[in-house]
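Subject: Structure for you to look at

Hello,

Here is the structure I promised to pass on. Please open it alongside these notes.

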Amino acid sequence: MRQAVIAIFLVMWAAIAFAEITDKTSTQTAPLPSNTQTVPLPSNTMEYQQVDKPPVKKLEDIPNWDLAVEFRDTRLTYHQNATSHFRFYLAIMNKGTRSGVRDIPVLITILNVTNNTLIREITTSIEQQDIRNNVWRVTPLFHITFLTGEERNKPRSINDVKIVVEIDPQNTFGEARSDRRNNRCVATW
């Protein structure tokens with residue numbers, strides 16, 4: 001009987017040891033041998049560069065006047081006698097802080113781009129223009145007439161013409177030099 005008790009004890013002890021071993025081995029996995037290698041992929045992208053953001057504009061950093069101009073509703077008509085008519089409106093906005101009704105000087109330059117020759121220059125003024133700093137305001141209609149042909153200083157075709165419109169060319173509004181880039185618009189064909 002003593003041997004039977006010892007045998008049962010050994011069997012129980014072996015079963016407990018076996019259970020501990022299987023619990024440990026079932027949760028532990030050995031890495032499988034592999035023939036694959038990791039290679040970095042070629043990249044077409046450039047490295048990122050640190051770019052400092054410009055400081056946020058505070059109210060005192062925004063100028064009083066920063067005029068901007070765009071062409072609106074442009075129309076070009078060409079007649080058999082080489083007379084061209086260019087009609088357009090200008091849209092004007094102040095990107096600064098001020099609003100108001102003011103006269104705006106305008107300089108219109110018509111150039112022959114083949115030889116950089118001045119065809120015509122017009123100085124005019126938009127009287128009592130309502131200038132806003134939150135919406136574009138459209139001016140009255142402008143109408144310009146010019147000739148094309150084979151004569152001296154005339155462009156041969158409308159494709160040789162460039163029209164440059166600049167508002168406030170003498171800077172009567174007192175804009176900073178860096179704010180004057182959007183004071184002109186150009187039309188070519």
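Over the ring of which residue does the charged end of Arg102 sit? The ring is that of Trp65, with the charged end 5.3 Å from its centre. Arg102 also lies over the face of Phe173, at 3.9 Å from the ring centre. Bear in mind that this is a predicted model.

Next, the aromatic residues. Searching the whole structure gives six aromatic pairs. One of them is Phe88 with Phe142, and it is stacked. The centres are 5.1 Å apart, with 5° between the planes. This pair links distant parts of the chain. Phe88 is in strand β2 (residues 83-94), and Phe142 is in strand β6 (residues 142-147). They are 54 residues apart.

Burial next. Phe88 counts as buried because its relative accessibility is 0%, under the 20% cut-off. Phe142 has a relative accessible area of 11%, so it is buried too.

Now the core. The largest nonpolar core has 26 residues. Phe88, Leu90, Ile108, Ile163 and Val165 touch the most other members. At least two residues of this core come from each of β1 (67-78), β2, β3 (100-112), β4 (117-131), β6, β7 (161-167) and β8 (184-188).

Ile163 deserves a look of its own. Leaving aside neighbours within four places in sequence, Ile163 is in contact with Phe86, Ile108, Thr109, Ile110, Phe146, Cys185, Val186, Ala187 and Trp189.

Best wishes

Notes:
Residues are numbered from 1 along each chain as its sequence is written. This is a predicted model: local features need pLDDT of at least 70, side-chain atom pairs count only at pLDDT 80 or more; totals for chains, interfaces and linings use all residues. Side-chain values use heavy atoms; hydrogens and water are left out. Rings of Phe, Tyr and Trp (its six-membered ring) pair if their centres lie within 6.5 Å; planes under 30 degrees apart count as stacked, over 60 as edge-to-face and the rest as tilted. Helices (H or I, at least four residues) and strands (E, at least two) are DSSP runs, numbered from the N terminus. Buried means under 20% relative accessible area, exposed over 50%, partly exposed in between (1.4 Å probe, protein chains only). A charge sits over a ring if NZ of Lys or CZ of Arg is within 6 Å of the ring centre and within 35 degrees of the ring normal. A nonpolar core is a set of buried Ala, Val, Leu, Ile, Met, Phe, Trp, Tyr and Cys residues joined through side-chain atoms within 4.5 Å. Contact means heavy atoms within 4.5 Å.
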